[in-house]
Structures are given as C-alpha cells and as structure tokens.
Amino acid sequence: MDSRKPGMTAVVGGGAAGIATVKALIEAGVPVLGIERADALGGLWRLDDGTAAYEGLHLNTSKPRTQFSDFPMPSHWPDYPTRAQMLEYLLAYADRFGVGDRFRFGTTLESARRSGDGWELVLDGPGGRGHETVEHLVVANGHNHVPRYPDPPYNGSFTGTQSHAHGYVTPAEFAGKRVLVVGTGNSAMDITAELTGHASAVLLSARRGVWVVPKRLLGRPSDQLNGALAALLPWRVRQVIAQTMLRVADRKPAGPRLPAPRQGLLQDHPTLSDSVPALVAAGKVLARNGISRLDGSRVHFTDGRVDEVDHIIWCTGYRAVVPFLDADTVADPARLLLYRHVLPVGDTSLSYVGLMQSTGSALPVVEAQGRLVAALRAGTYRPPGPEAASKVASAELANARARWGERRPHMRIDIDEYLRIMRKELRSSPGRSSPGRGLAGRRILVTGAAGTFGRAMSERFVDAGAHVVGLDVVRPEDSGVPIITCDITSQTSVDAAVEEAVALLGGVDALVNNAGRGGPAPAELAPDEEVDAQLRLNLVGAWRVTAALMPHLVRARGRVVFIASRMAVLPLPLAAAYGVSKRALAAYADALRLEVGTHVGVTTIYPSMVRSPIHDSTRRAGLSLDAVSRPEPVEGVVDAVVGALTARRAPRDVATTARGRVEMMVARHAPRLADRLVRRTVAARIAAGDFAEAPLAAGMVRRHRAGPGSS
C-alpha cells in the first residue's frame, strides 16, 4: 500500500451523501474540502427553491432502516419521521462529527478538469471565482435536482397550468382546482393525499400498476419485515413471502382501485401509503390510466376516459446530471458502470456516492459508500484491478437487468444485499484500518490520566487526532494532555471537573474509566480503610463520573469503556477488595448497557497484569503477583481500548491477551476448574515459601499446611 499521506479530497454536495462522505474522510484522517452551493447542509430535506422538498414530506423508510449506524434517531420520534425531523437529524449528525467546518457554502463547482493525477476545480463562491487543485473528486451532488418530464411529450397541447413535483410546497395553492397528478411514486402519493380537501377534484394517473404498501404490517413498519427476511432469503423467495403477507393483510375497503402491478413487489420501487388506496376506494381520488393525449383543458386517457383539468403536477422523477464534468468523463450518469456503484473502473481519482436507486433508505448506503471512499483515500482499501472490477460490475448490472429490466439498471441496488457486500469488501481488503484510525476528532475523557494506562492511552488518542482531557487526583507537569484535578470518589469534585472537561472539549464522545486502586485485602478479615478506598474508587468513582457524563454521551451517541481486570472473572486470594470492585464494575457496565445501549456503546476491558505502581503496595506486603500473572505490555491494553472505541458496534467484553480470553472462557463456563487452577497456583507459591514474610497470608498458609479437616 502507498504509505504517503493522501492529498486533498473534494466532496461535491451537502446532502446526506456529502455529509456521510466528509464524516468518513475526517475519521480516516484524510484532508477534505466540502463544496455546497446552498448556504447550509441538508440537501433535498431543506425547504427552498433549489430542493424537491415540500412541507408534508415524510420518510418512506422507518427509523431503524434509515438512520446512520453510529447515530440513532431519537427514540420518541415516530416510525416515519417528518421532513423537518429528517433535516434536524442530518444537521445534528453533521454537527456531532464536525462536518460543517469542512464545507464552503454558497459555492458552486463550475467545472472539474483532470490535471495530472488529480483535478483542477473552478469554484464560484462568495469571494468570486477561484481555482483549487485536489487529488480526488467525490461526486455526491444527488440526482433529485433536474425534473424529468415525459419524453417524448404526449401528443397535443394543454392550455391549463402545469408544474413538476420539484416545485410543489403546499396544497393550499391548488384550492378549488381540478388537479391531475401524474405518477405513482412516493411523492405522487403524498401530494395526492394532501390535495384532497383543497382541490375541487384530484385525479391520479398511473401509466402502469404499482405496489402500494401500507406503512405497517403485522404491527411493525413494513420495511422491517423485508429487512428481517433479507438476512436469510434470496430476493425471489422474499418476494413470494412479502406478496403473500400483503394479500393477507389487504383490508382496503370495497370500491375503485389503482391498476394492479405487472411486476413482482421487489422488482420495482414499491410506494408507501396508508391513505391513497382508501381515498381512491372512497371516490375522493379518481384513479386514471396513462395519458394518451392532451387537448386544451381536456386530458384523454388510454382507456378512453376524458377529464377537464385545470392543473397537471408531473411526478415523473428526475434526471441524473453531473454538470461540472465534461461529456468525455460522464456522458450519462444514469448509465455509468461503477465498481460497487462507487468507483469508475480503473480510476482511483474519482468516485460517486449516492448515485443509485435503493430498495430502501439511501442513508445506510451512502454511509457505506463514504467509508469505502475514505478507506481508499487513507490507503487501507485497494479495489481489484480493472479487469476484475469490470467483471464484477458487469455481473451486477446483468443481475439488475434480470430483476428490474431497463428501468435504470446501472443505478439499482437491493439495499440489504448491497450492505452485506460492502461490509465484506472493506473487511477483506489488503491494508485494513490500523489501530487508532477512526479516533480523529473524537472528544475523549480519561479518568486516572496520570497513571500508567492513562498516560499511554492519552498519548495514543492524541496521536490519532482525538481531543483528550484527563481527570486525576494529581496533575503532573509533564502530562501531554490537560488534566483536571479531581477526586472521583467525591460527587462535588466530579460535578465540577466534568463541567470543566465538557467546556474544554465542547462535549464528550467517549469516556474511558481507567482510574483504579489495588492493594492487599484478604477476604477473611474485616474490611478496613484500604477495602473502603478500593471499592469507592474502582466502583463508585467510575459510577459517579459515568452518571455525570451520561447526558453528554447520549447526546453524542458516544462510548464508555471500563477498565476492569482478569481478577473480575478469575479472582485471586488476598486481593479480595480489588477483585470484588472490578467484578462489581463489570456488573455495573452490564446494567448500564441495558439502560443506555440504544444510544451509548458500553465495553468492559479485562487486562491481565501490567507492571505499574498499582502493584507496589501488594509487593510491599509480601504478596507479589509476579508468580501468579504473566505480565503483558501496556500497549496491548491500549490497543484493546482503541479497538473498542473505533469498532462499528461497541464490543461487550474484551480480554487483552489470548491467555486472558481462555481464562475468561474457563471462568464463565467451568468455574470449578478455574478455582482448581487458582488453588494449584497458590499451593505452589506457599510450598515455595513465597508468603513466609506476609502476615496477611498467615491464616491461609497455616490452614494449607494443616490440610483439610484440621482445626
């Protein structure tokens, strides 16, 4: 792989595709410039003259099937959020990951021409016309900008008024008019339903039949059922099951209906609507066939009907255009042969994100595509050679034609199959992501930041581009990160320190609960101050800090990592307070995960012994762990923490060594065997005289030498 640092990547478009791509590039540590002609992010979800949004627009895919993988939508939102909620979500996502800081707003890319190995961009922005040279160009400008009308146009002429769905905002402007809506997509259905009660008559022209799917089936959002089946079955089998479920659930009232579809449910883009079929059945929407010709104010349909119409709204889709690229680069964007629908075959200086028609939401797709581009630019992903890439892309195109015919086959994807392929694509690529990648820009709070683990972790985080603040009872002069003096066993101290840390970081994305205290504490003796100190620091202190930060972590959809110990699963004698506190810490993490796991990832790390001052008091008491635990390097623990913070989904429990994983498995599934192994180790140490000078071990040594049954 190329080890040089990547040059600038330009991303054109500030909608969902551009936002997701810029976010992925930021996390990969790739320099990025976003270009957006509007004054703000949001793309088609903004209400202005340049977008296709209208006031009553809703998502036609449900929340879990729409949201980005690391940023859940609020739980109190409806299953199908509104346009305003969707815009709020995208802006919150962009703000959370610092995406807006990388964009130039009010700037149009007039042209992009190849220059050497990169691109020469001509930009027209608030400061006038200028030039930029970039190494890689990402086309993420969307394809819902240029309205598409019937081509060729229908015979005859229409003397009434007409418009495209792109210009529709509210139904009030059509009050008292006879309005014909042409098309059967989701926009056509939404607009048709809104017009009833405002227009004097609403007609809906369908050139061909379409599957109209209710928003809920069997008590769940309908797209979730298909998603569940997609993990197990090929699309043809899913289609039979889904169509059977629709027929069983079809409780539409008697009366007129829309034309029946000719293709199977999964061979076209189904339309989501609860209201339009009922409105058609009730006669409030007049279903019509395709148009045959126009005659003044009269519209003739293919079945011979004729209607007087005042206004036609063409809901006939959009043309995919890339106006800033010349025809030699892209003659027709809708007919590009792209590897994984992202990369031109044999060209790694150009990529496309969002140039597709998905059977589900676009957001998970552009998230995956953005990650592929980011991995390519960071050098952690390498596509196959031109011949192999062309073969794969051609095979996918042939499959799309077999399923969808000639209706934009180059752009068609089955969302569930595509996301599985993309996950595999990134996993199997040479040079996959290295430890630490994905931390860039993260705001991380580390407790115990002045200790051995704390210093090593903070250094690694900073090297990876994260912003780090530490909490500790001491503040060393040579600390590489800001450390706030804090006694985490005191709620007052924690509240003040957390407030200061949040202010310094501007929020918190991740908390690493690393602060800890060890020391000798036999279980047979009454708990003393040492026991109390370990329990208060290792368990209650971590609890206090986590609870104080939780509102910020929920807001950021963040991560919490707890540093426990192998002694949480494989307890050792004479150190009961440490083992008990770490086992309790793991139990706290489990409870926390059940409460906040929808929004915050929770991981528990189980290191073995690392040489550090935490063991000094145990060693002074003659109870050294050196012969019990095999020391491991601190770097392995740091790697485990970084892996937990950067994993797509937070892992539950992580042992830091192969030996630790075996010990964890034995302790959980064969606890008697685990006890036997520990007893054998202790017996060997007693026999070797290791505890001869350890008063705290005197009782255990005496009983061991006396043997079972002795008093």
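The following is a dialogue on how terms were assigned in this predicted model.

Visitor: Why is cysteine 486 called buried?

Guide: Cysteine 486 has a relative accessible area of 2%. Buried means under 20%, so cysteine 486 is buried.

Visitor: What makes cysteine 315 count as buried?

Guide: The relative accessibility of cysteine 315 is 12%. The cut-off is under 20%, and therefore cysteine 315 counts as buried.

Visitor: How many disulfides does a search of the whole structure find?

Guide: The search finds zero disulfides. A disulfide would need a pair of cysteine sulfur atoms within 2.5 Å.

Visitor: What makes the phi of arginine 340 worth a remark?

Guide: Arginine 340 has a positive phi of about 55° and is not a glycine. Most residues other than glycine have a negative phi. Arginine 340 sits in the loop between strand S23 (338-339) and strand S24 (343-344). Its relative accessibility is 12%, so arginine 340 counts as buried.

Visitor: Where is arginine 408, and what is its phi?

Guide: Arginine 408 belongs to the loop between helix H9 (386-404) and strand S27 (412-413). Its phi is positive, near 50°, and the residue is not a glycine. At 17% relative accessibility arginine 408 counts as buried, because the term applies under 20%.

Visitor: Which residues does the cis peptide bond with omega of about 5° join?

Guide: That bond joins aspartate 151 and proline 152. Most peptide bonds are trans. Proline 152 is found in the loop between strand S8 (146-147) and strand S9 (155-158).

Visitor: How do you know that the span of helix H14 agrees with what its residues should give?

Guide: Helix H14 (residues 576-596) has 21 residues. The expected span is 1.5 Å times one less than the number of residues, so H14 should span 30 Å. Its end C-alpha atoms are 30 Å apart, which agrees.

Visitor: What do the buried residues of H14 pack against?

Guide: They pack against helix H13 (529-556), strand S32 (559-563) and strand S33 (601-606). The buried residues of H14 include Ala577, Ser581, Leu585, Tyr588 and Leu592. Residues three or four places apart in an α-helix point the same way, because there are 3.6 residues a turn.

Visitor: What makes strand S5 mostly covered?

Guide: Six of the eight residues of S5 (residues 118-125) are buried.

Visitor: How do you know that S5 pairs with strand S4 and with strand S6?

Guide: Two strands pair if there are at least two bridges between them. S4 (residues 108-115) and S5 have seven bridges in the antiparallel sense, and S5 and S6 (residues 128-134) also have seven, again antiparallel. Aspartate 124 of S5 is the bridge partner of threonine 108 and of arginine 129 in S6.

Visitor: Why are strand S10 and strand S17 called edge strands?

Guide: The open sheet has five strands in the order S10-S21-S11-S12-S17, with parallel pairing. S10 (161-164) and S17 (286-288) each pair on one side only. The twist averages 20° from one strand to the next.

Visitor: What makes S10 and strand S21 a pair?

Guide: Four bridges join S10 to S21 (residues 311-314), and the two run parallel. At least two are needed, so they pair. One of the bridges has serine 163 facing isoleucine 313 of S21 as its partner.

Key: Residues are numbered from 1 along each chain as its sequence is written. This is a predicted model: local features need pLDDT of at least 70, side-chain atom pairs count only at pLDDT 80 or more; totals for chains, interfaces and linings use all residues. Side-chain values use heavy atoms; hydrogens and water are left out. Axes are lines fitted to C-alpha atoms, for helices over the stretch in contact, and angles run from 0 to 180 degrees between N-to-C directions. Buried means under 20% relative accessible area, exposed over 50%, partly exposed in between (1.4 Å probe, protein chains only). Contact means heavy atoms within 4.5 Å.
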